[in-house]
Amino acid sequence: MSTEDESFHPLGQEWENELETMLDDTEYDSDLGMQMAEDAMRVTKGELSEADFHEKYHDDVMEEFGVDDRPTEEAYEEAQKNAGGFAEMLKSVDSDGEESRRGMMKKMGAGAAFVGLGAFGASEGGSESEPNVAAAQEGDDTEQDVQWGMAIDLERCDGCLSCVEACAEENNLDRGVNWMYVLDYEDNGVDTSRNRLVRPCQHCTDAPCEKVCPTTARHTRDNDGLVLTDYDVCIGCRYCQVACPYGVNYFQWDEPDITTEDIEAQAQEEMGDHDHDSDVPHDHMSDERGRWVDSRAPRGVMSKCTMCPTRQDGGMGEDAVGTTACEDACPPDAIQFGNMFDDNSDPQTYADNPARGRALSDIDMSVPSADALEDDLDGADDDLESVLEASEDLDEETLRIMKAIEIVSEDFGEGDASHTEYEQNIVDAFDALEAHGLDLDSEEVLVGLDLADEPDEDEEFDGPDESAAQTVLVNEAGEPDSNFQLLEDMGTNPNIIYLGNEPGPQAEQVEGPVAYEDVEADLADGSSVPLADNRKDVLDEMTVGDAGVSL
Amino acid sequence: MSTKTPSEDDILRPMHTFTKKYVLLFAIAALALGAFLVGWMYQLQQGMAVTGLSDWGSGGGVTWGLYIGAFIWWVGIAHGGIILSAAVRLLGMDRYMPVARLAEMLTLAGLSAAGFYILVHMGRPDRMVTSVIGHYHITVNNSPLVWDVTVITAYFVLTATYLGLTLRYDIARLRDDLPSFSPNVGGKQLPDLLAPVYDVLTLGYTKAEDKVIDRMVWWVALAIIIMAPLLLHGGVIPWLFAVLPNYPSWFGGIQGPQFLTIALTSAISGVILLSYAFRRAYDWDHIITDDIFRGLLLWLGFFCLLFLWLQLQQLATGSFHSTTTHSYATASKLSHPMYVGPMLMVLGVLVYIFAQTIRPSLFSKGRAIAAGLLVLTATLVEKTYFVLSGFWYPSFNIYDGSPGEYFPSVIELLSIAGTIGMVTLFFLVLSKLVPVVELHAVEHLRGDHGHGHEHDHEPVEESAEQPEVEA
């Protein structure tokens, strides 16, 4: 940058001009954008607080965009409580291509985005960048308001391999093609039962496999962010498998065991009953766009975990949308699948408060049905003690947890995520109790359940104590020490959040509680085939001149 | 130099002889290629499971193996054409003119073998056109594999153009002595089938174009020489690996220069072997002289030095205080015979070459051949190890199946013999059709600038195209 350069922008006048032109292309006020950009740059330098920045332009932004959802709003409201957040956020924006830049500008308010991308365009995106990525994509021509992903609670996984089996059955996979893979490991010699990793495809927002593909066969589905392989386009060069740092790809080295006819017949049988979207073919192979991306791959092309596009497209009925085979099969509910863009989705809610999620899942079997409660309570008094005494299935501890869950939850029992079914059962039970005359929000009940402090004589009862409720849940269900995304430093922006221990660089796989060979998958041709841990053992049978030696 | 005077007859000799040895070599080469083609057909029929490959990670194997190692090796050998063209066309080192065309042909043959490996390696080679070309405008922005295909194709086209242009001069002058082929099929005498080939090659030729062609050739040579080292083995081929942070033994900027030095050592070795074979077969002692071998050997020594020096850089940075996974990868290098062996072989060649420079009596053609063979073996093994080591020591090395097991299957091993056979056949056929030594070289050795007249043998520094070089 020359000394004459008047640009406020670190990348110089030329860059500034270029972006100004881009702003002119949008429907919004370029001057406002540039002015905001200049001030936003001051924010990143610390010369202007986020709160001040927000305040200064709030009216202009409202006038121009009709809404001010700039990321500074929170800072404004919390008055710098969270100083540095905005600048950090800008740093993490990844300027990957023209489209996302434009999208960013429209969404975030042109100036802020301009600075963020220009000044820090080269920075690596971390997990913090997800809201930005989401914002960028929302502004694109192709609207993406869904990003499927998972929260996986590693401390809940008991290594039963039900998910691996369910995946093999759902997709009719060959032996050793473990799209879903569960492994135990030892880290620095420390072996605890919690050292376990559940490894589906991470469906990365910045998928390296997609980047290196010489054919576009490996692609991200625009509307929901699933990373899929078009089996009709793939040439089988295996570069995606090489580029993926997680090792989630499985090449179809030979003719698959299950024919497409068998898969289709099975699909007709199972999907035929469902009331599904007519756009989705009944074959469990083509997705709603008509591209062959689901079920096992044909010979000579690459395959990996798909996160069940046929389900997400409504091909298995409305109930199956937002679920995966592995999630459905998991006995301890360790897998939470849903929309990562939605704060109320299963994975986001669960990751936000794992103790709540665990308790909700645990308690579900113990929550008495409304009918049972009505029968039990018939004729009983309506105080807490009498109710608990009269009810066969409801004890104090269960009710305490049920109530604690409700206290820490927002929008309890609302929404279409899977966990709301559990919540709904609790709501029904509560309704039955209320109908009987027990006021669950009363001082008597809340104090009786240790979910509120008893007020002093001169104080008014101030309702439930949220932290007490949270403590109840943590004591009951436990809380993971950490959450993480796998190999975050690779810049892949994975869409799976793990709760539990992160394996270190010296972690080594050890035998798990259940051997792969001891689990059988029922496939479309009627056969029952044991799973295989190591694909090479299966493939060696076909190697020409396999002498059993290795380099 | 020999006492014999090089003549047109010398360079026409391959086209005018037909020996039992030729037939035998042809048969062996064809058998090797044929055997591999059968293996490949079986692979196409059964799937890639016939190889020793598997999925890396939980799959317990390696995704890429000997096919990719050999692919890199052949592209490396194909660099022979660049070095010799650079030496002769751009730097005026006319000493190497007699082997320049052989080297350029080796480029075409090597690239063909490499291209063949890309097909052999793919699960669905039938989709090469529809899937790759059809999405080229999108994928060329991202995929290093597409960059590879692009640069290899460009290199092939440029080299073929270059060869085609320089052949016009020779064919136009030697036309009457070039072979004809008019078979009698079912009692019917067919016209000369080769005539159209030569006609096309010399289409519209006049002597007036010689100077223009010389200038064109100079520019094409310059383009190739800029492109090939910087973009091919110093660029896109190493970038297939070097841009992937998940493999410590691959990742990093040194792979460009490292690949280039490996390519140049194998390329020079290839030219040494090829030149020796032709000299022996056609009594070309006076054309491909001992002096050429000494010079090539010296270049080989220089590139071996660079090769080892860059390996040393990697060993130092990989073992001093590297990350956990990087140190695993480096520890493997220091102990694995597929790495240590090639390094010692190259070191041995280096020591020999420097020794014979100090003491010329140590030179012999046999030893030069041995040096070439050693280096070619070392580079093939090292490149294969390089590919495998990435999968053996990935950053995410938690899997029990990692490092994976691998031993090339019979079909994979046959591919080496098959592609060597293919390249041999390429030369056996080509040498029967066109002169593999430039007419210019003969003229230069003779010291004349005209055509077809015997002159007294005298060394001349200036060649006919010299002024164009400076243009």
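Chain A of this predicted model averages a pLDDT (the predictor's confidence in each residue, from 0 to 100) of 83, and 79% of its residues score at least 70. Local features need pLDDT of at least 70 and side-chain atom pairs count only at pLDDT 80 or more, while totals for chains, interfaces and linings use all residues. Residues are numbered from 1 along each chain as its sequence is written, chains are lettered from A in the order in which they are written, and side-chain values use heavy atoms, with hydrogens and water left out.

Now to the interface. Contact (heavy atoms within 4.5 Å) links 57 residues of chain A to 67 residues of chain B. Together the two chains bury about 4900 Å², counted as the accessible area (1.4 Å probe) that two parts lose on being put together, summed over both. Carbon and sulfur atoms give 60% of that area. On the chain A side, A:Tyr239, A:Trp253 and A:Leu551 lose the most area to chain B, together 16% of what that side buries.

As for polar links, 41 residue pairs are in polar contact across the interface, both residues at pLDDT 80 or more; the rule asks for a pair of N or O atoms within 3.5 Å, one able to donate a hydrogen and the other to accept it, and residues adjacent in sequence count only if both atoms are side-chain atoms. The count of salt bridges (a side-chain nitrogen of Lys or Arg within 4 Å of a carboxyl oxygen of Asp or Glu) is one: A:Arg535 pairs with B:Asp55, with the closest N and O atoms 3.0 Å apart.
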